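This report describes selected features of one protein model. Please keep the sequence and the structure in view while reading.

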Amino acid sequence: MLARQLLRQRLRPAPVARLSRPTQRPMVRFASSDTQGKPFPTATAAVSFAAGLASAALVYWYTSPSRQTPASSPAPAKSASILDKSPGSGIPDLNALGLSDQIAYAPVPTSEGVTRQLNEHAFSLSSGGGKLVSRYDGTQLGSNNPCEDAFIHGSFSDPLDQKRGDWLTWGVFDGHCGWQLSNLLTKQLIPFVRRSLDNAKPQDGQLSDEAVQTALKSAFTTLDDAVVKSALQTIESDLPFAEKARRLEAAYAGACALLTILDPVSRKLTVASTGDCRAVLGQKSADGKWTATELSTDCTGATPSEIARIKAQFPDEPDVVQGGRIWGMQPSRTFGDGMWKWTAQLKDRLRDQYNGLSLPSAVRYRGYKDGPYLTAEPLVTTTQIPASEPSFLILATDGLWDAMTSAQAVDLVGRWFEWQKKGGSSEPVKPATADFGPTVLGRKQQCKYEEKKITLQDDNAAVHLVRNALGGADEQMVKGALTFRYPNSRDIRDDITVQVVFFAPASGKGKA
């Protein structure tokens with residue numbers, strides 16, 4: 001979500017793992033699951049360069065791929081030997097770079113490379129037969145580097161009766177102004193939610209819809225307060241400077257959050273949304289068509305209800321919402337983003353002494369006062385999962401919704417569902433023509449879904465959505481979208497994180 005800085009493989013199904021704490025990857029920003037990692041390959045060896053090295057030779061080495069190289073694009077000769085050391089000196093021998101005056105660029109993705117990249121962080125899990133959740137799929141495709149999205153999925157004990165069966169949860173987090181806060185949410189949000197649910201008061205031995213919703217609102221705001229409102233206490237403490245900086249960096253960053261919680265016994269799904277991630281329920285109606293129902297509301301400076309709320313809160317600041325943004329920030333509800341929540345005095349102190357962000361610009365937004373202009377309190381809904389027909393849940397960061405509508409996403413997953421039922425994995429479906437005209441990506445056109453380019457070729461429903469968001473059967477468009485790397489990629493696509501959860505009818509029919 002870099003644009004908000006003005007602001008804003010295939011895996012085989014496996015049993016659902018119990019969520020006690022997210023499994024960490026080597027890169028801390030993906031601590032929520034074992035399916036995350038860097039979105040794009042980078043060089044893995046660091047080389048000390050002697051002064052005066054010819055620029056052409058440097059580019060030759062730097063642009064060589066660090067991982068697998070497609071067979072159609074052989075690696076430059078002797079590229080693996082650049083770390084060879086001169087005998088007895090320990091100094092890298094750069095003669096291996098040769099004397100060529102031709103620039104060797106990194107190869108572009110092949111069709112197989114595209115599929116590998118789309119599946120790099122994909123996962124698919126099954127809860128077995130006879131369960132409400134028949135399976136769920138997920139994937140993530142970064143555009144920022146590091147990727148600012150994060151996600152979480154798993155189970156935790158029923159807050160009232162641990163013997164009653166676990167609740168299931170799925171969440172996606174869309175960071176901006178950095179990845180630090182979205183990463184923090186993968187480790188901290190569920191503990192706050194569980195604590196809040198444990199404190200909820202049951203009625204007749206059950207938690208009412210209102211009690212669960214209230215608990216989620218409390219968990220979100222309590223966690224955000226712990227991150228943001230602790231800033232003054234942090235800088236006035238006796239902690240070492242580095243420890244203070246570490247505690248402040250999450251509050252400097254921001255994140256939109258979408259968390260869904262399912263009680264399998266009651267078939268009730270609770271959705272809490274802070275920001276513009278989105279949850280959509282796809283249902284198969286009696287006539288066989290798939291219908292889309294949005295379970296969350298995009299909370300941005302362009303949403304009429306949010307505009308009215310903020311202007312009513314700040315009646316003496318007529319310019320607080322302009323151009324779909326709140327003093328430059330697109331989402332109107334977020335975690336973190338202390339610079340939109342702290343007083344002017346505290347912000348000046350943080351900027352002077354603790355490297356605080358210069359956003360929002362005091363020059364551009366002269367009417368800015370103290371706020372707080374943003375809140376982490378989520379909008380919460382409760383939905384009964386249909387018992388008579390198959391259904392599914394799509395939850396995704398706005399990188400997906402920038403490329404398609406909710407109805408289009410449901411239609412795509414519905415097509416995939418029917419294709420899978422027919423054993424379609426071995427028979428990809430593509431349009432009759434592969435001629436889609438010239439490929440254009442830039443100011444005239446960003447990545448987007450087009451019905452004429454629909455393709456069915458992925459075993460993972462989330463990967464299926466991402467592929468079609470990038471161009472579907474238009475392979476040149478998809479290759480182009482993945483060839484541009486950060487920062488250029490940010491002009492045509494955002495980080496994309498998607499999870500798709502399939503619900504079985506009470507009768508057990510129609511499972512994915």
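## The second largest pocket

By class, the residues that line the second largest pocket of this predicted model are eight nonpolar, seven polar and four charged. The lining consists of 19 residues, and those nearest the centre of the pocket are L184, V227, R246, R247 and A250. The space within this second largest pocket amounts to about 480 Å³.

Which elements give two or more residues to the lining of the second largest pocket? They are helix 3 (180-198), helix 4 (209-228), helix 5 (231-235) and helix 6 (241-252). Helix 3 supplies the largest share of the lining, with six residues.

Most residues other than glycine have a negative phi. D204 is not a glycine, yet its phi is positive, at about 55 degrees.

Most peptide bonds are trans. P146 belongs to the loop between strand 3 (133-141) and strand 4 (149-156).

Another cis peptide bond joins G371 and P372, and its omega is about 0 degrees. P372 is found in the loop between helix 8 (344-353) and strand 13 (379-384).

## The packing of helix 2 and helix 12

Two packed helices are described by the angle between their axes and the distance between the axes. For helix 2 (residues 111-118) and helix 12 (residues 475-483), the angle is about 55 degrees and the axes are 10 Å apart. The crossing in which helix 2 passes helix 12 is left-handed.

Which residues make the contact between helix 2 and helix 12? Helix 2 contributes S111, V114, Q117 and L118, while helix 12 contributes E475, V478, K479 and L482. In this contact of helix 2 with helix 12, four residues are nonpolar, two are polar and two are charged.

Terms used
Residues are numbered from 1 along each chain as its sequence is written. This is a predicted model: local features need pLDDT of at least 70, side-chain atom pairs count only at pLDDT 80 or more; totals for chains, interfaces and linings use all residues. Side-chain values use heavy atoms; hydrogens and water are left out. Axes are lines fitted to C-alpha atoms, for helices over the stretch in contact, and angles run from 0 to 180 degrees between N-to-C directions. Helices (H or I, at least four residues) and strands (E, at least two) are DSSP runs, numbered from the N terminus. A crossing is left-handed if the near helix is turned anticlockwise from the far one by less than a right angle, and right-handed if clockwise. Contact means heavy atoms within 4.5 Å. Ala, Val, Leu, Ile, Met, Phe, Trp, Tyr, Cys and Pro count as nonpolar, Asp, Glu, Lys and Arg as charged, and the others, Gly among them, as polar. On a 1 Å grid over the protein atoms alone, a cavity is a set of points where a 1.4 Å probe fits but cannot get out, and a pocket is an open set with protein on both sides within 12 Å along at least five of seven lines; lining residues have an atom within 4 Å of a point. Grid points are joined across faces, edges and corners, and a volume is the space filled by probe spheres set on the points.
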